[in-house]
Amino acid sequence: MEYVLIFRALAVISALLAFAVPPGAARSDTGLFATRAGVAVGGYDVVAFFQHGVAQPGHQRNAVMWRGANWHFASAASRARFESNPRAFAPAFGGYCAYAMSRGVLVPGDPQLWVIVDGRLFLLNNPEAQQKWRARKEELIARAKQNWPAILRH
């Protein structure tokens with residue numbers, strides 16, 4: 001009798017676990033975005049890059065969790081706009097330096113060094129990378145796309 005109860009309990013737990021998380025789903029978001037202490041884009045409001053053309057610090061009181069990272073916003077309106085279409089505002093290449101990505105290197109981007117190209121936000125890591133990026137952005141975007149997201153598995 002005792003073994004039957006244990007067997008049934010294990011069967012129920014196994015079934016629940018099998019359906020709770022599809023294979024690979026838990027890993028698919030891990031490390032997708034460069035974070036500092038779990039906060040994406042250094043805590044800057046990604047909507048502000050598009051709306052105001054500035055790197056504006058966000059606030060924890062306007063934070064939202066998306067794809068394994070906390071995203072901070074300067075206002076509730078910015079947060080709501082992000083939540084309505086996060087992919088439109090999230091930086092390309094997970095917020096890693098787009099120039100480094102074109103070279104096959106994974107380096108966090110600096111939210112103070114950014115460029116919007118064809119409606120996509122790209123972060124760079126240093127002024128030299130930003131200068132090189134602006135001069136050859138189409139070529140470097142194509143090269144970076146070849147490395148992304150496979151670079152996360154290395």
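Author: The largest cavity is lined by Ala34, Thr35, Arg36, Val41, Gly42, Gly95, Pro108, Gly109, Pro111 and Leu123. A cavity here is a set of points, on a 1 Å grid over the protein atoms alone, where a 1.4 Å probe fits but cannot get out, and a lining residue has an atom within 4 Å of a point. This is a predicted model, in which local features need pLDDT of at least 70 and side-chain atom pairs count only at pLDDT 80 or more, whereas totals for chains, interfaces and linings use all residues. Residues are numbered from 1 along each chain as its sequence is written, and side-chain values use heavy atoms, with hydrogens and water left out.

The largest cavity holds about 80 Å³ of space, a volume being the space filled by probe spheres set on the points, with grid points joined across faces, edges and corners. The structure has one cavity of 30 Å³ or more. By class, the lining of the largest cavity comprises five nonpolar residues, four polar and one charged. In this scheme Ala, Val, Leu, Ile, Met, Phe, Trp, Tyr, Cys and Pro count as nonpolar, Asp, Glu, Lys and Arg as charged, and the others, Gly among them, as polar.

Strands (E, at least two residues) and helices (H or I, at least four) are DSSP runs, numbered from the N terminus. Ala37 has a positive phi of about 55°, although it is not a glycine.

The largest pocket has about 300 Å³ of space; a pocket is an open set with protein on both sides within 12 Å along at least five of seven lines. Of its 17 lining residues, Pro91, Ala92, Phe93, Arg120 and Trp148 are the closest to its centre. Strand E6 (120-124) and H8 are the elements that give two or more residues to this lining. The lining of the largest pocket has eleven nonpolar, one polar and five charged residues. Trp148 also takes part in a cis peptide bond to Pro149, with omega near -5°, and Pro149 lies in the segment after H8.

Helix H8 (residues 137-147) also meets helix H7 (residues 127-135): their axes come within 5 Å and cross at roughly 105°. Axes are lines fitted to C-alpha atoms, for helices over the stretch in contact, and angles run from 0 to 180 degrees between N-to-C directions. H7 and H8 are therefore roughly perpendicular to each other, a term that covers angles of 65 to 115 degrees.

Notes. Parallel < 35°, antiparallel > 145°, perpendicular 65-115°, else oblique.
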